[in-house]
Amino acid sequence: QVQLVESGGGLAQTGDSLRLSCAASGLTFTNLIMAWFRRSPGKEREFVARINQSGSLTNYAEFVKGRFTISRDNAKNTVYLQMSSLKAGDTAVYYCAAHSRSNYPGRESANYDYWGQGTQVTVSS
């Protein structure tokens, strides 16, 4: 069974940092393009960041550029999202997603094959 499990969410104050982790199992992790999405109350799920199989290429949503960093440790089958300078608007459930096909997934959630259950991040102002 393919499984993605997020962790690291919690309560933070504006300006604080959190590090989210996503552990993958049931897949060859090095074959996966990994991404983070988030969904806030009253909003659609939105793209946050993406990283390619080797970790050499990353892509970020404009609203997190300079604040969030996506990385991966293929030896640990884990992808990370380091979140800094948190804002109240970052409050959301954060989801880890994986794309296993050869085609480019872009930023559309429908193009990702596997999803974690999400981890809650709450930022108070």
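1. Strand β4 (33-39) is largely enclosed by the rest of the structure, because six of its seven residues are buried. Buried means under 20% relative accessible area, exposed over 50% and partly exposed in between, with a 1.4 Å probe and protein chains only. Strands (E, at least two residues) and helices (H or I, at least four) are DSSP runs, numbered from the N terminus.

2. The model is predicted: local features need pLDDT of at least 70, side-chain atom pairs count only at pLDDT 80 or more, and totals for chains, interfaces and linings use all residues. Residues are numbered from 1 along each chain as its sequence is written, and side-chain values use heavy atoms, with hydrogens and water left out.

3. Strand β4 runs antiparallel to β9, to which seven bridges join it; two strands pair if DSSP finds at least two bridges between them. Within this pairing, Ile33 has His99 of β9 as its bridge partner. Strand β4 is also antiparallel to β5, through five bridges, and here Trp36 stands opposite Ala49. Six residues separate β4 from β5 in a hairpin, and Gly42 in the turn has a positive phi of about 80 degrees.

4. The largest nonpolar core has 33 residues, of which Met34, Trp36, Val79, Leu81, Met83 and Tyr94 touch the most other members. Such a core is a set of buried Ala, Val, Leu, Ile, Met, Phe, Trp, Tyr and Cys residues joined through side-chain atoms within 4.5 Å. Strands supplying at least two residues each include β4, β5 (46-51), β8 (78-83) and β9 (92-99). The most comes from β9, with five residues. Beyond its neighbours within four places in sequence, Leu81 is in contact (heavy atoms within 4.5 Å) with residues including Trp36, Ala49, Phe68 and Tyr94.

5. The structure holds five salt bridges, each a side-chain nitrogen of Lys or Arg within 4 Å of a carboxyl oxygen of Asp or Glu. One of them joins Arg38 to Glu46, with the closest N and O atoms 2.8 Å apart. Arg38 counts as buried at 5% relative accessibility, whereas Glu46 is partly exposed at 22%.

6. A salt bridge also joins Arg67 and Asp90, at 2.7 Å from N to O. Arg67 lies in the loop between β6 (58-60) and β7, and Asp90 in the loop between β8 and β9, so the pair ties together parts that are 23 residues apart in sequence. Both Arg67 and Asp90 are buried. Together with Arg38 and Glu46, they are linked in a network of salt bridges.
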